[in-house]
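Reader: I would like to learn how to read a few features of a model. Where shall we begin?

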Amino acid sequence: MLQWKKARKSFTELKRAIEAKLAKLEEARALPHKVANAQAEVTRLRAEHKATAQVLETAAAAYAMAVEAAGNAKATSVVAEREFIAMHAARPGFFSRIFRTEAFRRWKYEVSIKECAHQDAVRVHKDTQTKLATATQRQKQCADALATASDQLGKAERVFDTLNAMLREALDKIGDRFVDSRFFERGHEAWNLAAPWLDDQIHKEREKLFTAALDVHKAFVTVAAQKVQHNLGVLMTAMQSGVFQDQAKRQLLADLWSTLFLVIPVVSTTFASVDRMLGDLLPGAFGWLLVDEAGQATPQAAVGALMRARRAVVVGDPLQIPPVVTIPEKLISQIAQHYGVNRDLWCAPEASVQALADSANPIKAHFSTSTGTREVGLPLLVHRRCQDPMFSVSNAIAYDGQMVYAAGPEKVGTVATALGPSTWFDVSGNATSKWSPEEGQAVMGLLRQLARFGIQNPDVYVISPFRVVAHEMRQLLRAEPELFRAFGVDERKWLEERVGTIHTFQGKEAEAVIAVLGALMTSQNGARRWASSTPNILNVMVS
């Protein structure tokens, strides 16, 4: 129990520390977007500030004009009032008014003019006062708006400066693993070879966390050993004799499998065995299904396993060996037509588990082919296996030149020393079948050369697209038993493990591979066209 508590505490603390670092990285990842938004906000507010300042300038000019107009109107009104009062003071005497003399009539006419002038001046002064009040209020509003705009702009600039400083600090810390526009400007090869975001230390800590998780499992199993052993015993019995006929007991089967996964995190099987091994499990019974070499699997073969998993990781290459189908092509077409099934989408060999996974993936890459564009979900483009020229040939014929070479410097072994660099042997012959004795003798010459160099158990494969060529090659080798004695190997085992068809050797690797094309004559061009109509077979043979 102490061991369990210790393992749990260690795991929890390490997990919390790593999650804190990942949260910091997530903040850094969001910084370029935040900086861009902050910069856009500063640009917008600067434009608003400039426009508001211009409006204030216009309002200030209008206010100055209103002040001047009001002052002029007031002065005009005062003059008009004085003139009107002075005219009243110069009114003719009593008898002039009684007898309406010429002087009285002239005075009356002039006083009416002064009165109108005074009234007009008063009205104009009143209008200018109203306009002055409006201009005063407008100038205040504009001044307030400019103050607000200045405040907003200042805050936005401070936010931008802070975020920009944080971004510079993150760039300095994360270095060329920081993913931004400059990351992709380095080019296709550079950013595919990069390990973005996480530095080596975090990678090591995540590896420690994985180990700590296994320690938690181990500690739990140790504490609950009796119950775990009981569950495993029941599971083994159920798998051997199928005692879970009762529906209520079948509901417990997923828990028994969970116990097994505590002890053995990964269980390997084939699609052919899924029904026998997992047949009683309900849908979504276990967490993860990992499908390897998915390009070789027919879509229908994976249904049972996929149904019982909550998540799946599908890995494969649809441009290597396609699914093997034993049903005649014409019959497949008729079945698909009868059931209204899109053959290209659902039926092998055109379709595979990998092809369907690619079509379902929301994140896709596009590869140009001779027949159009192929969509691939989350392509793994970095190749660390084949040396050149094998890599370059595969990259050209199958991967649209998008693969990235990362195999490192070639280590020249004994086979390469004896045979020399990779090369093409142009063999001519008169064979009427796919098997060419001349090609066979060319292969024998290479193997004899290895024997002359005294190489023991040479790491070399002899492969061909055609079964008959592989068979005849074995027969030719059996006729020279001294070659196997020179290699120091068992003849039967060496032929079984080292000579065969391309399909047999997919996924394997050797220091050197001798690829025998076969079908030399023009009459056999159909066979070569079959082997090269799609990149798959040639791609597997070369790689």
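Author: With burial. A residue counts as buried under 20% relative accessible area, as exposed over 50%, and as partly exposed in between. Keep in mind that this model is predicted.

Reader: Is Trp257 buried or exposed?

Author: Trp257 has a relative accessible area of 4%, so it is buried.

Reader: And how does Phe261 count?

Author: Phe261 is at 23% relative accessibility, so it counts as partly exposed.

Reader: How is a pair of aromatic rings described?

Author: By the distance of the centres and the angle of the planes. Across the whole structure, a search finds 10 aromatic pairs. Take Trp257 and Phe261: their ring centres are 5.9 Å apart and their planes stand at 35°. Planes under 30 degrees apart would count as stacked and over 60 as edge-to-face. The pair is therefore tilted.

Reader: What is the geometry of the pair Tyr461 and Phe505?

Author: This pair is tilted too, with 4.6 Å centre to centre and 45° between the planes. It links distant parts of the chain, 44 residues apart. Tyr461 sits in strand β7 (residues 460-464), and Phe505 in helix α21 (residues 502-505). Tyr461 and Phe505 are both buried.

Reader: Which residues do ring pairs link into a cluster?

Author: Phe183, Phe184 and Trp191.

Reader: Back to α9. At what angle do helix α7 and helix α9 pack?

Author: At about 120°, with the axes 9 Å apart. Helix α7 covers residues 225-241, and helix α9 covers residues 253-263. Their crossing is left-handed.

Reader: Which residues make the contact?

Author: From α7 come Val228, Asn231, Leu232, Val234, Leu235 and Met239. From α9 come Leu253, Leu256, Trp257, Thr259, Leu260 and Val263. So Trp257, buried at 4%, is one of the contact residues.

Reader: How many of the contact residues are nonpolar, polar and charged?

Author: The contact of α7 with α9 has 10 nonpolar residues, two polar and no charged.

Reader: Are Cys142 and Cys347 buried or exposed?

Author: Cys142 has a relative accessible area of 3%, so it is buried. Cys347, at 13%, is buried as well.

Conventions:
Residues numbered from 1 in each chain as written. Predicted model: local features only at pLDDT ≥ 70, side-chain atom pairs only at ≥ 80, totals over all residues. Heavy atoms only, no water. Axes fitted to C-alpha atoms, helices over the stretch in contact; angles between N-to-C directions. Helix = DSSP H or I, 4+ residues; strand = E, 2+ residues; numbered from the N terminus. Left-handed = near helix turned anticlockwise from the far one by under 90°. Contact = heavy atoms within 4.5 Å. Nonpolar A, V, L, I, M, F, W, Y, C, P; charged D, E, K, R; others polar. Buried < 20%, exposed > 50% of the residue type's maximum accessible area, 1.4 Å probe, protein only. Phe/Tyr/Trp six-rings, centres within 6.5 Å; stacked < 30°, edge-to-face > 60°.
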